[in-house]
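Visitor: I have just opened this structure and would like a short tour. Where shall we begin?

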Amino acid sequence: MTLNRYDAAMPSDLNGTQAVIDVAMRAAQPHQLDPGFIYTLVTPGGGVQKVDLTGPEHTGVPARKSGTTVVRDVDSFLAYFDKHGDESTEVYADVESRTITAVLDAHTAEAARWGGHRLELRLRATSAWTAWMGANDDLMSQALFAEFIEDNLVDLVEPDSATMLELAQSFEATTSAEFQSSQRLDSGQRRFSFVEDVQAKAGHKGEITIPATLTLALRPFEGTEPYRVTARFRYRLDRQKGELRLGFKIERPEDILTAAFADIRTLVDVGIPEEIAVLNGAPSR
């Protein structure tokens, strides 16, 4: 028997059944698929194709909440927490990084959750704290020290700003004087003696007295209350050159930061539901 051209092309289907199926499938009208479902289709070759319409690009709805929102103060932290947190949310306070993190979709006791929706309170140092810490334990010339005091008078508690302004002006007025000696007084203050006109035999002599310590009111972080900070005066007198350099050293600044962070943690603890504990540490990544 001699096969015609169609029989040679389809030797396994002499009755033309497959050709009819192929034509019918090509002629079939497309059907609308509803978003939010997974469909399976039989391909012309007999295979199965999956059509997934559950993604957000089809439904217009994100699959789940995710991402980390960063806030800078306790009020903002609590506002976001109230909107998105639930009874299984976990809160961690990390004293080393000075951050407080809420895992809003943490695991429940019965089931696992994604843990990908987070809220983080990242504390930011105030400009005043940064300024004083930037000059901490650094000896400056009389002119630079006077300028620094004048720029930061608002932070001074004791001596008051008026007294320190007068002292700063005294340093500015004696930048060309020659300082010759220093004397510690019974009050703890230190008195410096100087001569303004070294060339003249009867040059004008004077004295400047500085306090032993400064008391400051500083906010370590934005959104916190001021803390009492003590700074001890430091100086270096070069008698050969007659130069006086001045500075200060803040006492235990790390303790102040730790205390401020502890107070912030307490505010968060009070503001969230009482059944949620603030854990000491950091959540897993």
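**A guided conversation**

Guide: Arg72, Asp73, Val74, Leu123, Glu222, Gly223, Thr224, Ile264 and Leu267 line the largest cavity. Please keep in mind that this is a predicted model.

Visitor: How many cavities of 30 Å³ or more are there in the whole structure?

Guide: The search of the whole structure finds one cavity of 30 Å³ or more. The space in the largest cavity is about 40 Å³.

Visitor: And how do the residues of its lining divide?

Guide: The lining of the largest cavity divides into four nonpolar, two polar and three charged residues.

Visitor: What holds strands of a sheet together in general?

Guide: Strands of a sheet pair through backbone hydrogen bonds, in either a parallel or an antiparallel manner.

Visitor: Then which way do strand 5 and strand 6 run, parallel or antiparallel?

Guide: Strand 5 (residues 99–103) and strand 6 (residues 117–122) run antiparallel and are joined by five bridges. Val103 has Arg118 of strand 6 as its bridge partner, and Thr99 has Arg122 of strand 6.

Visitor: What about strand 3 and strand 6, parallel or antiparallel?

Guide: Strand 3 pairs with strand 6 in the parallel sense, over five bridges. Here the bridge partner of Thr68 is Arg118 in strand 6.

Visitor: How many of the six residues of strand 6 are buried?

Guide: Five of the six residues are buried, and strand 6 is mostly covered.

Visitor: How many bridges join strand 11 to strand 12?

Guide: Six bridges join strand 11 (residues 213–218) to strand 12, and the two run antiparallel. Leu216 stands opposite Val229 in strand 12.

Visitor: A change of topic: how many aromatic pairs does the structure hold?

Guide: The structure holds five aromatic pairs. One of them is formed by Phe145 and Phe233: the pair is tilted, with 5.6 Å centre to centre and 55° between the planes. Phe145 lies in helix 6 (residues 142–151) and Phe233 in strand 12 (residues 227–238), so this pair ties together parts that are 88 residues apart in sequence.

Visitor: Which residues form an aromatic cluster?

Guide: Trp132, Phe148 and Phe248 form one aromatic cluster.

Visitor: I also noticed Trp129. Where does Trp129 lie?

Guide: Trp129 lies in helix 5 (residues 127–135) and counts as buried at 6% relative accessibility. Its C-alpha atom is separated by 9.6 Å from that of Asp155, which is 26 residues apart from Trp129 along the chain.

Visitor: What about the backbone? Which residues does a cis peptide bond join?

Guide: A cis peptide bond joins Glu158 and Pro159, with omega at about -10°. Pro159 is placed in the loop between strand 7 (156–158) and helix 7 (161–173).

Visitor: And which residue other than glycine has a positive phi near 60°?

Guide: That residue is Asp137. Asp137 is in the loop between helix 5 and helix 6 and counts as partly exposed at 38% relative accessibility.

Visitor: One last point: is Arg252 buried or exposed?

Guide: Arg252 is exposed, with a relative accessible area of 61%. Arg252 is found in the loop between strand 13 (243–250) and helix 8 (253–271), and its phi is positive, near 50°.

Terms used:
Residues are numbered from 1 along each chain as its sequence is written. This is a predicted model: local features need pLDDT of at least 70, side-chain atom pairs count only at pLDDT 80 or more; totals for chains, interfaces and linings use all residues. Side-chain values use heavy atoms; hydrogens and water are left out. On a 1 Å grid over the protein atoms alone, a cavity is a set of points where a 1.4 Å probe fits but cannot get out, and a pocket is an open set with protein on both sides within 12 Å along at least five of seven lines; lining residues have an atom within 4 Å of a point. Grid points are joined across faces, edges and corners, and a volume is the space filled by probe spheres set on the points. Ala, Val, Leu, Ile, Met, Phe, Trp, Tyr, Cys and Pro count as nonpolar, Asp, Glu, Lys and Arg as charged, and the others, Gly among them, as polar. Rings of Phe, Tyr and Trp (its six-membered ring) pair if their centres lie within 6.5 Å; planes under 30 degrees apart count as stacked, over 60 as edge-to-face and the rest as tilted. Helices (H or I, at least four residues) and strands (E, at least two) are DSSP runs, numbered from the N terminus. Two strands pair if DSSP finds at least two bridges between them. Buried means under 20% relative accessible area, exposed over 50%, partly exposed in between (1.4 Å probe, protein chains only).
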